[in-house]
Amino acid sequence: MVTRLLLGCGATGHDVLDRIEGWHGDVLVLDPDASRVESLRNEKTPAERVDVTDADALDEYDADIVFVASDDAGQNVAAARAADAAFADACCVGYTGLDATTQQRDALGAAADRVVSLGDALADRVADAASGSADARLRRLREVLADVEGTLGVFAHDNPDPDAIAAAVTLCRLAETVDVDAEACYFGDISHQENRAFVNLLDIELTNVEAGETPDFDAVALVDHSHPGVNDQLDPDTEISVVVDHHPSAEEPDADFVDVRVDAGSTSTILVDYLERFNVDFDRDIATALLYGIRVDTDDFRREVSVADFEAAATLTEHADWDVLERIETPSVSADTLDVIATAIGEREVRGNVLSTCVGRINDRDALAQAADRLLAMQGLSVTFVYGFMDGTVYASARARGADVDLGEALRTAFDEMGSAGGHADMAGAQLDLGLFDQVEEDAEETLRAMLEESVGGRFFEAVQSR
């Protein structure tokens with residue numbers, strides 16, 4: 001369960017409390033002003049009188065997300081510094097009003113993970129309204145969707161995660177608003193326990209396209225990735241009508257409509273913007289899917305989160321099914337996954353704060369991501385890299401926490417010549433062709449493992465340590 005702390009509660013803090021009312025998780029306000037604390041308690045808001053600039057005083061509390069929200073810019077800077085000391089693993093969002101000095105803004109930026117500036121927010125909204133850029137973008141999307149004659153195939157990336165799945169089904173819903181039939185599709189498998197529960201509990205309709213099959217659609221859209229043939233099994237020469245993504249790309253996507261927002265923490269966040277601007281009602285299942293997609297891709301608002309992600313989540317909260325979300329997040333763990341985690345621990349190689357481990361032949365590629373997540377909790381580690389092979393391919397999953405390394409860039413540097421690789425700064429993956437080595441007998445797999453440790457593991461260590 002997410003625990004949120006508001007340090008100081010000025011006018012903006014009150015607005016935040018109103019916005020997050022009903023959100024899943026606990027909220028507690030800490031404020032040094034006794035009268036303000038009493039007023040909040042009278043409003044049935046949990047609040048305690050605490051010196052929010054004192055790290056020792058904050059240390060007795062737990063927090064996943066901290067919002068520094070008083071109207072005093074100087075207090076916000078001191079509170080953010082105290083929060084940074086007391087809650088090393090929490091996401092800290094700092095607020096600055098119009099009266100904050102440049103020095104205070106810079107100091108808050110140094111102490112907090114994200115800074116929300118009233119001045120910047122107002123300027124962005126005014127500029128956006130004046131230019132009409134957002135409305136023009138949405139008009140263009142509507143035009144491109146309406147021009148589809150036949151059925152639109154909306155493709156998530158291979159072995160899709162909740163963000164990609166939610167974005168795909170939502171784009172299909174938008175296509176329906178202009179009387180275009182659309183089908184959400186993917187190559188690969190949905191094998192992660194939570195992802196299977198996500199699809200089943202929300203009764204999401206997806207078409208699993210077989211490898212090597214040429215989909216017969218009149219138009220194709222890509223969500224949560226941006227190039228055909230890269231992280232999907234489409235022909236690289238496939239003409240693309242729509243691209244919606246939040247990942248950076250080395251090359252500009254080639255499509256009739258492209259919306260890549262690298263400042264968004266998830267593609268689902270972008271689709272929420274579309275639904276609102278298209279004035280489409282939030283279906284309960286779609287709202288639940290989008291909210292879960294945002295939460296997963298931002299690690300419950302702790303990783304690469306933006307103001308837009310918080311706003312999208314706030315919009316979805318009143319429409320989502322929280323009972324279903326809780327059921328999705330507590331699935332059973334398969335025996336295969338436990339085996340992979342155990343092997344990953346036993347075969348690990350550690351250099352400094354970086355761990356790499358080859359788990360050999362696997363049956364479930366999503367077990368690698370779960371193992372990478374679990375191993376990151378080991379003491380002294382800030383980077384984990386877990387890889388194994390199946391069906392002629394080496395699959396790898398990497399995670400980082402508080403490390404001075406961009407995992408997505410590191411994996412691209414290490415493996416782009418061997419296959420496909422990339423992702424976020426703290427979460428990335430790779431797929432590498434095993435080639436002739438896929439034909440090895442079971443009794444020779446230890447030799448193959450040793451070769452992979454030298455080539456794949458070695459390349460990873462070299463790429464990470466060179467940064």
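Select R261: with a relative accessible area of 16%, R261 is buried (buried means under 20% relative accessible area, exposed over 50%, partly exposed in between, with a 1.4 Å probe and protein chains only). This is a predicted model, in which local features need pLDDT of at least 70, side-chain atom pairs count only at pLDDT 80 or more, and totals for chains, interfaces and linings use all residues. Residues are numbered from 1 along each chain as its sequence is written, and side-chain values use heavy atoms, with hydrogens and water left out.

**Around R261**

R261 sits in the loop between β12 (255-260) and α10 (267-277). Helices (H or I, at least four residues) and strands (E, at least two) are DSSP runs, numbered from the N terminus. Show the contacts of R261, leaving aside neighbours within four places in sequence: R137, D245, H246, I270, D273 and Y274. Contact here means heavy atoms within 4.5 Å.

**From Y274 into the core**

Move to Y274. With neighbours within four places in sequence set aside, Y274 is in contact with L138, L141, L174, V244, F257, D259 and R261. Y274 is also one of the residues that touch the most other members of the largest nonpolar core, which has 72 residues; the others are L152, L174, F198 and V242. A nonpolar core is a set of buried Ala, Val, Leu, Ile, Met, Phe, Trp, Tyr and Cys residues joined through side-chain atoms within 4.5 Å. Select helix α8 (residues 162-176) next: it supplies the largest share of this core, 10 residues. A separate core of 28 residues lies apart from it, and L411, F415, A430 and F461 are among its members.

**Helix α15**

Select residues 366-375. Helix α15 is largely enclosed by the rest of the structure, because 8 of its 10 residues are buried. Colour the buried ones: D366, A367, L368, A369, Q370, A371, A372 and L375. The cover over these residues includes α9 (193-201), α14 (335-346), β14 (354-361), β15 (383-390) and β16 (393-400).

**R449**

Go on to helix α17 (residues 445-465), where R449 lies. R449 has 12% relative accessibility and so counts as buried. Beyond its neighbours within four places in sequence, R449 is in contact with T343, E347, C358, V359 and G360.

**Two loop residues with positive phi**

Most residues other than glycine have a negative phi. Select D203, in the loop between α9 and β9 (207-209); its phi is near 55°, a positive value. D203 is exposed, with a relative accessible area of 64%. Then select N231, in the loop between β10 (219-223) and β11 (240-245). Phi of N231 is near 65°, also positive, and N231 is partly exposed at a relative accessible area of 30%.

**The whole chain**

Zoom out. The chain has 17 helices and 18 strands. Its radius of gyration is 23 Å, close to the 23 Å that the globule rule gives for 467 residues, so the chain is as compact as a globular protein of that length (the radius is taken over C-alpha atoms, and the rule is 2.2 Å times the number of residues to the power 0.38). The C-alpha atoms fill a box of roughly 75 × 55 × 40 Å along the principal axes. Of the 467 residues, 52% count as buried. Among contacts between residues at least 6 apart in sequence, 61% join residues at least 24 apart.
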